Protein chains: 2
Amino acid sequence: MNIGLDIMGGDYAPIETVKGVSQFLSEQTHSAHLTLIGDEQQIKELLQQYEVPINNITVVHADQVIDMHESPTKALKEKQRSSISIGFHLLASGKTDAFISAGNTGAMLVGALFSIKAIEGVLRPTISSVIPKENGKTGLILDVGLNADCKPEQLNQFAVMGSVYVQQILGIENPRVALLNVGEEEGKGNILAQATYPLLKDNKHIHFIGNIEGRDVLLDRADVIVCEGFTGNVILKLAESLYGISERQNLEHAYFERFNFENYGGTPVLGVAKPVIIGHGISHAKAFKNMIMLAHKMIEKELMSKMKMELEP
Amino acid sequence: MNIGLDIMGGDYAPIETVKGVSQFLSEQTHSAHLTLIGDEQQIKELLQQYEVPINNITVVHADQVIDMHESPTKALKEKQRSSISIGFHLLASGKTDAFISAGNTGAMLVGALFSIKAIEGVLRPTISSVIPKENGKTGLILDVGLNADCKPEQLNQFAVMGSVYVQQILGIENPRVALLNVGEEEGKGNILAQATYPLLKDNKHIHFIGNIEGRDVLLDRADVIVCEGFTGNVILKLAESLYGISERQNLEHAYFERFNFENYGGTPVLGVAKPVIIGHGISHAKAFKNMIMLAHKMIEKELMSKMKMELEP
């Protein structure tokens, strides 16, 4: 397998990206070839400096970088020699099997949606986030912002994709899928939630346990929480803010440490035919290492073909 | 002024309700007449037991109680001699100036919407919640569940009602109003948020500061946060759950103590012509005292007529 990584993406690139590569190669027992995309000279110097073994590495030169605040569509069109554009080109043409970047999030989303095909039958790809549970376990919530307005059929597919993801990647057997709602009983909620409930209830590909409420999000009530991307995004960012609060307030508590989302690496775009992982701008080496490991696992477990199978009616 | 209180409503009623009355009367320097609604004999015994001075108290007998899990509309119709039904009757007929209950929430909402007129011009009444900010201040978020689906014009009115409320009740001058959204720039968001932004921007009755994101909810970015009741309800319940987590994890931290929503008393229904305050089922004496104080302030500040003035175009 060949994993593409944008070395130039992220606030602390390229140093932290290369350090992440180094950590992955020193810890990883499985074999993976890495394709590092970015300024060739800088990359080669850093590989030497951090004494990274280069037998499983290819460097692909990119002399442009898409900045964090550029307009995604415009930048992808005008900067065809940027590390993100080249990364997607390599993935789309089959030269790599996954692509990772902590660069411009919008460009990564646009690239994923328009360079890489959606899995057959997928109405809309989605992005998810892990949620640290109070009891030490980890759940998944989706969508967290790619789809601010959703249709019931889309939420029903998110449930399947989330379910396959937590089984294969988080190793949770027969994951409990819940609909995020304002009350527990069937019939509660806004128009979207009311219309989604019966679809989830009838969906044979998931283990639907009903509605859960805001108070259940951080408890171990469900493994997969389904909602539209507006509410999901607000919840994710609120949860992320708890880490900053815990730091400023000197809580020093193991549970609140888990809201440091750098621990989890990046967010995979689910529903596209190949693994695309979007990192947080503030990613350090550990996050990059975790993202490479995630891409590795997604390829190894053949996540996309398993999703495709489960999405068939 | 005459404040009506359902003595039978809440998990710890009637003892905690009467204790709340006692605390209010002993701490309160302003004059208010209280109308206590419920089982007359029980109330009189408890008033004696807790040595509550009865010169400013009227007891109105109600021989029925609406239970926490009864269907609201059915219960209000069939239990006309319940403390909630009588409470709304007294308020609607002008015998009291406010009504408070920690009983069946649904019955309180149905009663507020159907027994008490909406303020002229109000499209939909709303319920709000205070939000404890990390820096010690307190903000307001609305809607938190009465309106799971909203129109932009309704959110625009919530902004005005929330703004008047925090000015008059929380004492915040020129409150900053923000729209909860998935990004900071105008144009971001779901269809509702996109359509609401220009209305808030053009609204001369509020000080609109733009969009805020989930990460800003617990920070002191805005005094009034406007959203539809689905997202608002999920956020409120998630925030409430932080108190339980902080207790179970022995955090013993002053900030997380503030997520004990009992500190704040109850939730007023905004947009109806008279003060109606809904208490949490688990309310203890302190919450009841705080709800009576809130009703007192809402009457004293003539909150409803100030809202009416600001809602005029």
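Q: In which loop of chain B is the place of P14(B)?
A: The model is a predicted one. In it, the peptide bond from A13(B) to P14(B) is cis, with omega near 0°, whereas most peptide bonds are trans. The place of P14(B) is in the loop between β1 (2–6) and α1 (15–27) of chain B.

Q: Which residues of chain A does a cis peptide bond join?
A: The bond in question has an omega of about 0°. The place of its proline, P14(A), is in the loop between β1 (2–6) and α1 (15–27) of chain A. The residues joined by this cis peptide bond are A13(A) and P14(A).

Q: Is N174(A) buried or exposed?
A: Most residues other than glycine have a negative phi. N174(A), although not a glycine, has a positive phi of about 45°, and its place is in the loop between α6 (152–168) and β7 (176–180) of chain A. Because a residue with 12 or fewer other C-beta atoms within 10 Å counts as exposed, and N174(A) has 9 such neighbours, N174(A) is exposed.

Q: How many other C-beta atoms lie within 10 Å of E302(A)?
A: E302(A) lies in the loop between α10 (285–300) and α11 (303–311) of chain A, and has a positive phi of about 50° although it is not a glycine. E302(A) counts as exposed, and the number of other C-beta atoms within 10 Å is 12.

Q: Are α6(B) and α7(B) parallel or oblique to each other?
A: Two packed helices are described by the angle between their axes and the distance between the axes. For helix α6 (residues 152–168) and helix α7 (residues 191–202) of chain B, the angle is about 50° and the axes are 9 Å apart. Since angles under 35 degrees count as roughly parallel and 65 to 115 as roughly perpendicular, α6(B) and α7(B) are therefore oblique.

Q: How many nonpolar residues does the contact of α6(B) with α7(B) have?
A: From α6(B), the residues P152(B), E153(B), L155(B), N156(B) and A159(B) meet L192(B), A195(B), T196(B), L199(B) and L200(B) of α7(B). By class, this contact has 1 charged and 2 polar residues, and the number of nonpolar ones is 7.

Q: Which residue of chain A comes closest to the rotation axis?
A: Chain A is superposed on chain B by a rotation of 180° with 0.0 Å of shift along its axis, at an RMSD of 0.0 Å. That is the relation of a two-fold axis. Of the residues of chain A, the one that comes closest to this axis, at 2.7 Å (C-alpha), is T231(A).

Definitions and conventions: Residues numbered from 1 in each chain as written. Chains lettered and ligands numbered in written order. Predicted model: local features only at pLDDT ≥ 70, side-chain atom pairs only at ≥ 80, totals over all residues. Helix = DSSP H or I, 4+ residues; strand = E, 2+ residues; numbered from the N terminus. Buried ≥ 20, exposed ≤ 12 C-beta atoms within 10 Å, placed from the backbone. Axes fitted to C-alpha atoms, helices over the stretch in contact; angles between N-to-C directions. Parallel < 35°, antiparallel > 145°, perpendicular 65-115°, else oblique. Contact = placed C-beta atoms within 7 Å. Nonpolar A, V, L, I, M, F, W, Y, C, P; charged D, E, K, R; others polar. Least-squares fit on C-alpha atoms with pLDDT ≥ 70 in both.
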